[in-house]
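Hello,

Here is the structure I promised to pass on to you. Please have a look at it first, and then read my notes below.

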Amino acid sequence: MAGLGFQRKSMLSSSLVSLVIFSLSQLSIAMVPRFLPWLSLLGMLPVSGLVLLASLGFGRFFRRLLGVSQSAPAMVVFHLLFLWGVYVVMIREAVPSLLDATINAEFGLLLFGLYRILSGDPGLVANDSSSALHSRNGLPESNIYENSSMFSRVRYCKICKTSVRGFDHHCSAFGNCIGQKNQRLFMMLLVGFIIAEASYIISSTQYIAKSLSTDKIGFKNDIPGNVVISTLLFAVLQLLWQVVFLIWNIYCICANIKTDEWINWKKYPEFQLVVQSQPGNSSEVRFSNPYDKGIISNIKDFINPMEYSLHVIHVLS
């Protein structure tokens, strides 16, 4: 019971720190249109990016000074709820009914998807299988799955201290590993965030255009104007890196390679191709992907990854 109480207290303190950092970052971006109203929205964008990085850096220093960890999933939820709240309170009046219903549905589905990926199983290897292999091989658990052909593409996450089938990477933003069982949900969430932020950008741009076309001469200097413009800038900044990240993940799916494998391929023997230049010369190790079966087959493997389950069944039988 004491351990459970400590865990809850730690989660609460992490969430509170995340709330402070979230508030600081949003307030910092809101100062850009407040003090630089003469800049265009395009001119405010790089300034907002620098201000956001500075505020996040200060927040990181602040939490280290207090010795409290930050909850990245809480930050994601706070930002999502804040954008949704700004939309409902300020922006939706300038948006057509169909687009309004679509945007509200997008935010609602994103919250549901966040809950699913936060609480879901990424493809964890059963503890009894882990113990059996550990005693059989006499290896540290982090090396067992990297050296056992029976556990093909089962990798060890140093953050979660567990092994995951089809491990791609540990997503701090979603607070979970991304593996065989939740990678498709991860991609749906990534696409969902891009669509929701693009919808928010469109709707907030309509609101700003409508406000500037009326008698609101000081729109950029009043509080509602500051909030709408700052959240628009924040959504654009988020959209930029998320689109790049989506392109990378699509490439990995089409090439049938995981992010962890691409970064750490020298750790995994199946990706190492030994090439002898000339007789008598030293050999060279090059990257080779044995799982690449062509784009169409790779996409089918992503949609229905049966090979991982067959490996586990073979070990447990």
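Predicted model: local features only at pLDDT ≥ 70, side-chain atom pairs only at ≥ 80, totals over all residues.

**The overall picture**

The protein has 317 residues, and 43% of them count as buried. Among the contacts with a separation of 6 or more, 65% are between residues 24 or more positions apart.

An unreviewed UniProt entry carries the annotation "transmembrane region" for residues 12–32, 38–59, 71–91, 97–118, 185–203 and 223–248. I looked at two of these spans in the model. Residues 97–118 are 100% helix and 0% strand, with 32 Å between the end C-alpha atoms. Residues 223–248 are likewise 100% helix and 0% strand, and there the end C-alpha atoms are 38 Å apart.

**Helix α4**

Helix α4 takes in residues 97–119, which is 23 residues. From its first C-alpha to its last it reaches 34 Å, close to the 33 Å expected at 1.5 Å a residue.

Which residues of α4 are buried? They are Asp-100, Ile-103, Asn-104, Glu-106, Phe-107, Leu-110, Gly-113, Leu-114 and Ile-117. The buried residues of α4 pack against α3 (72–91), β4 (176–178) and α7 (183–212).

**Helix α8 and its partners**

Helix α8 runs over residues 223–255. Its 33 residues should span 48 Å at 1.5 Å a residue, and this agrees with the model because the end C-alpha atoms are 48 Å apart.

Two of its packing partners are worth a look. Two packed helices are described by the angle between their axes and the distance between the axes.

One partner is α2 (residues 41–66), which packs with α8 at an angle of about 75°, the axes being 9 Å apart. An angle of 65 to 115 degrees counts as roughly perpendicular, so α2 is roughly perpendicular to α8. On the α2 side the contact is made by Leu-41, Met-44, Leu-45, Ser-48, Gly-49 and Leu-52. On the α8 side it is made by Ile-229, Leu-232, Leu-233, Phe-234, Val-236, Leu-237 and Leu-240. Sorted by class, the contact of α2 with α8 has 11 nonpolar residues, two polar ones and no charged ones.

The other is α10 (residues 295–303), whose axis comes within 6 Å of that of α8 and crosses it at roughly 105°. That makes α8 roughly perpendicular to α10. Here Ile-253, Cys-254 and Ala-255 of α8 meet Ile-295, Asn-298, Ile-299 and Phe-302 of α10. The classes in the contact of α8 with α10 are six nonpolar, one polar and no charged residues.

Is Asn-256 buried or exposed? Asn-256 is buried, because its relative accessible area is 7%, and buried means under 20%.

**Val-47 in α2**

Val-47 is found in helix α2. With a relative accessible area of 27%, Val-47 is partly exposed. Leaving out residues up to four places away in sequence, Val-47 touches Val-32, Leu-36 and Leu-39. Val-47 and Leu-233 are 186 residues apart in sequence, yet their C-alpha atoms are 9.8 Å apart in space.

**The loop between β1 and β2**

Finally, please look at the loop between β1 (154–157) and β2 (162–165), where you will find Ile-159. Ile-159 counts as exposed because its relative accessibility is 59%, and exposed means over 50%.

Lys-161 is exposed, with a relative accessible area of 59%. Its phi is positive, about 55°, although Lys-161 is not a glycine.

Best wishes

Note on methods:
Residues numbered from 1 in each chain as written. Heavy atoms only, no water. UniProt positions renumbered as here; feature names shortened; annotations may be inferred. Helix = DSSP H or I, 4+ residues; strand = E, 2+ residues; numbered from the N terminus. Axes fitted to C-alpha atoms, helices over the stretch in contact; angles between N-to-C directions. Parallel < 35°, antiparallel > 145°, perpendicular 65-115°, else oblique. Contact = heavy atoms within 4.5 Å. Nonpolar A, V, L, I, M, F, W, Y, C, P; charged D, E, K, R; others polar. Expected span 1.5 Å × (residues − 1). Buried < 20%, exposed > 50% of the residue type's maximum accessible area, 1.4 Å probe, protein only.
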